[in-house]
Amino acid sequence: MTRTAEERDAGTAGAVSGVEIQLEHLSKHYPGQEGAAVDDVSMHIPAGEITIFVGPSGCGKTTTMKMINRLIEPSSGTITIGGQDALSLDPDKLRRTIGYAIQQAGLFPHMTVAQNVGMVPSLLRWPKKRIADRVDEMLDLVGLDPGQFRDRFPRRLSGGQQQRVGVARALAADPPVLLMDEPFGAVDPITRGNLQDELMRLQTELHKTIVFVTHDFDEAVKLGDRIAVLGPRSTILQYDTPDAILANPANDTVAGFVGAGASLKQLTLMRVRDVTLTEEAITARPDETPAQIREQLEARDRKYALVLDDRDRPQRWVHIGQLSGVTSLAEAGRPITDWVTTQSTLQDALEAILAEGGAAVVTGERGRYAGTIDIHTVMDTISHLRETHETKAPAPADEPS
Ligand code: ADP
Ligand code: MG
């Protein structure tokens, strides 16, 4: 998830085709608006990586992004792309070197898929044959059969297919930089997941510099090599790898934003020792008789006992029905195959619970029995995380377009 471009290159074909972007003291005041929409943002966007701008609706993500390709002119500050001062270039020429994909794909409805995808190459006056070849190559790249799709009009495509065409169009002129503004925001969750997977696959081939805007922190964690968590006026609240942000949110606002969408991921960051373990199981020693254990189970209306060895280490689960007809506990029931320690993550615990088909045994120091953890504890932890985060930070809403 957080490999550097260099590490990725070592493992896959294709060199970094992206270039780095540097924003310095970038600000935008819209005329008539009180205060700045983007206020003094400085950041380095590395070449060949996916950098995510994530933040609530209205925080200035789109404004910041559109200044990079000068769909919006900055009020002040500088933008350097691949070592060139972007503000000194002709904006139209600049935009032909920057792919741009937006929500709803932004396709021209009166143009065919091929005309949409071939738009920038046409503007660049590529020969017709080269454009046609490139269109087919791009459609293929985004998983659309060229023969089937090139002559269709956008309205005859599903939302997901339109987004694929949008991405194909953004990539057509092989720009080193790709800006994506909530490109998958308008499709259903399953299609969105597929498109995200596709983008990640594409990126392992292409190594573009991708700046991707989203208000969905889960999407940011999934796609990002680096994430910039933005607050009001695009203030950078934290700019780091997804792992680092999940493990160590810079402040309460970031923690709230992380938690609002990523409670499940937080299971990997919480330890079994952080939660209250389930009511103690009924435990038994091998030297106790099956009859004694059955009495205890019946008295407390329980079905299972946990057999410990003479040093308190869990050995077997025994069901009350398995106690009749055996003379010793040493062989009764079934051995424990999966357990966790107090140091384990809640994610490990969840897996053990699922593997064991019920509660998972927790061991502490020296492998001694420490308690059990069950699915309710994990679920309660998740919903607790959600609640605390939702009261701390408003859930990011869909932005009006
Ligand atoms: P985001 O993409 O994070 O939702 P935007 O960059 O679209 O945020 O908007 C940031 C702020 O700038 C908002 O307060 C928005 O209302 C304002 N804004 C955006 N575009 C314009 C515009 N063309 N004119 C005036 N204000 C704008
Ligand atoms: Mg926006």
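Two strands are taken to pair if DSSP finds at least two bridges between them. By this criterion, β11 pairs in the parallel sense with strand β12 (residues 304-308), over 3 bridges. The structure is a predicted model, and its secondary structure comprises 15 helices and 17 strands.

The mean pLDDT of the protein chain is 84, with 89% of the residues at 70 or more. Over residues 1-13 the pLDDT falls below 50, and this stretch has 31 contacts in the model beyond near neighbours in sequence. Residues 389-401 likewise have a pLDDT below 50; there, 21 contacts are found beyond near neighbours in sequence. Of the 401 residues of the protein chain, 46% count as buried. The accessible surface comes to about 19100 Å², and carbon and sulfur atoms account for 50% of this surface. Among contacts between residues at least 6 apart in sequence, 64% join residues that are at least 24 apart.

An open sheet of 6 strands is arranged in the order β6-β7-β8-β3-β9-β10, and its pairing is mixed. Its edges are formed by β6 (98-102) and β10, each of which pairs on one side only. With direction ignored, neighbouring strands of this sheet are turned by 15° against each other on average. Helix α8 (residues 159-171) packs on the sheet, where it touches β6 and β7 (177-181); the direction of α8 makes about 165° with that of β6. Within the sheet, strand β3 (residues 50-54) and strand β8 (residues 209-214) are joined in the parallel sense by 5 bridges. The bridge partner of V54 in β8 is T214.

Strands β9 (residues 226-230) and β10 (residues 236-240) run antiparallel and are connected by 4 bridges. In this pair, A228 stands opposite Y239 of β10. The two strands form a hairpin with 5 residues between them, and R233 in the turn has a positive phi of about 60°. S234 also lies in the loop between β9 and β10. Its phi is near 65°, a positive value in a residue other than glycine. S234 is buried, with a relative accessible area of 1%.

A further open sheet contains 4 strands in the order β11-β12-β13-β14, again with mixed pairing. Because β11 (282-284) and β14 (334-335) stand at the edges with a single partner strand each, one side of each is left without a neighbour in the sheet. The loop between β12 and β13 (314-319) contains D312. Although D312 is not a glycine, this residue has a positive phi of about 65°. D312 is partly exposed, with a relative accessible area of 26%.

Helix α13 (residues 290-299) lies across β11 and β12 and runs at about 175° to β11. The buried residues of α13 include P290, I293 and L297. Seen down the axis of α13, the buried residues fall within an arc of 65° and therefore line one face of the helix. An α-helix has 3.6 residues a turn, so residues three or four places apart point the same way. The buried residues of α13 pack against β11 and β12. E295, E298 and A299 are exposed on the face of α13 turned away from the buried side. Just after α13, D301 adopts a positive phi of about 55°.

G357 follows α14 and has a positive phi, near 70°.

Terms used:
Residues numbered from 1 in each chain as written. Chains lettered and ligands numbered in written order. Predicted model: local features only at pLDDT ≥ 70, side-chain atom pairs only at ≥ 80, totals over all residues. Heavy atoms only, no water. pLDDT = per-residue confidence, 0-100. Contact = heavy atoms within 4.5 Å. Axes fitted to C-alpha atoms, helices over the stretch in contact; angles between N-to-C directions. Buried < 20%, exposed > 50% of the residue type's maximum accessible area, 1.4 Å probe, protein only. Areas by Shrake-Rupley, 256 points an atom, 1.4 Å probe, with all protein chains shown as cover. Arc of directions from axis to C-beta.
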